[in-house]
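Trainee: I would like to learn how to read the pockets and the ligand site of a model. Please show me the structure first.

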Amino acid sequence: MDEKPLLEVKNLSVNFYIRHGVVNAVTDASFKIRKNEILGLVGESGCGKSVTALSILRLLLEPPAKIMGGRILYKGEDLLEKTEKEIREIRGKEISMIFQNPLSSLNPVLTIGFQVSEPIILHQNLKNDEEVKRRTVEILRQMGIPEAEKRLKEYPHAFSGGMRQRTMIAMALSCNPSLLIADEPTTSLDVTIQLQILKLMRNLRRDVGSSILLITHDFGVAAQLCDTIAVMYAGETVEYGSAVDVLKDPKHPYTKCLLRSIPRIDVDIERLEPIKGSVPNAMNLPDGCRFHPRCPYMIEDTCEKIKPEARQLTEGRLVRCHLYGR
Ligand code: SF4
């Protein structure tokens, strides 16, 4: 695996200025994705994962959003310094995104064929309509859409949930992106379809050599697919490392609590430990460590007062917690 990062997010910070105040959606997100690597960005809803992803593609509406600081280096160049024209060239061609909800992300009044061929027309130098059609059918077939050619004229309502999700993936993959951002791609799908989607993403990495940023709240999904994991809590990356290290030997108390709260086949359901409390309001974040009101390992007089910095424990392993030295 090439060690040079394809994408590096460094200390990203994003606020939303709304009528009731300032939402600190992301305050310090940092992680790297190398070529051919799958990184899982994991955390509960409201931790800033999707805002981080949308910032990479510069898809946040400004205002109310405002990128306050940090860098997003793609192939060594800062995406935050690109003009709108330059970023449009990258979006869809080099970096594409599968959005959370395939139902609302596909246009209900445009045919599947039109929607899948649009990015192909925009980003691939194909000579004529026949070639565009051939490529569109080919990508739908690769996604396992049965009778792909016949289905080009159908509208999204005629597709099942799984087929719509696979169509979204087809659109995202139609230009063989270097980086695919997949935001909860298997949420609300049944288990069989979930497995198909995960397999498709694995094949994408194998056949095209793409890197994938997988956003999920599900450690089970991350365990099946990811090489590295970044755990986010209240807008910050709190733990980052190889998937094996993070899953087998979690260091941050939030990661430990998350792993203890998920059902496992070998663990009695009564022994699951839900995390107490909920993710803090991003308009009113706690002082000190943001996880301290929920943390079973909290150090009195330290964690509620002093904000922990991210520390490198070993090569490629970062943790933001006072338990690991001050
Ligand atoms: Fe828990 Fe303190 Fe570590 Fe925060 S810094 S996770 S409160 S032990």
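Mentor: This is a predicted model. Start with the second largest pocket, which is lined by 30 residues. Among them, Phe31, Lys32, Tyr240, Gly316 and Leu318 lie nearest its centre.

Trainee: How much space lies in the second largest pocket?

Mentor: About 570 Å³.

Trainee: Which elements supply at least two residues each of that lining?

Mentor: Look for strand E1 (5-18), strand E2 (21-34), strand E10 (236-242) and strand E12 (317-319). The largest share, six residues, comes from E10.

Trainee: How do the residues of this lining divide by class?

Mentor: Into nine nonpolar, eight polar and 13 charged.

Trainee: What is the volume of the largest pocket?

Mentor: About 660 Å³. The largest pocket is lined by 23 residues, and Arg91, Gly92, Pro119, Leu122 and His123 are the closest to its centre. Two or more lining residues come from each of helix H2 (84-90), strand E6 (95-98), helix H4 (112-123) and helix H7 (161-173). H4 gives the most, with six residues. By class, the lining of the largest pocket has 12 nonpolar, six polar and five charged residues.

Trainee: What is the space taken by the ligand?

Mentor: That space is the largest cavity.

Conventions. Residues numbered from 1 in each chain as written. Predicted model: local features only at pLDDT ≥ 70, side-chain atom pairs only at ≥ 80, totals over all residues. Heavy atoms only, no water. 1 Å grid on protein atoms, 1.4 Å probe; cavity = no way out; pocket = protein on both sides within 12 Å on 5 of 7 lines; lining within 4 Å. Sits in = over half its atoms within 2 Å of the grid points. Points joined across faces, edges and corners; volume = space filled by probe spheres on them. Helix = DSSP H or I, 4+ residues; strand = E, 2+ residues; numbered from the N terminus. Nonpolar A, V, L, I, M, F, W, Y, C, P; charged D, E, K, R; others polar.
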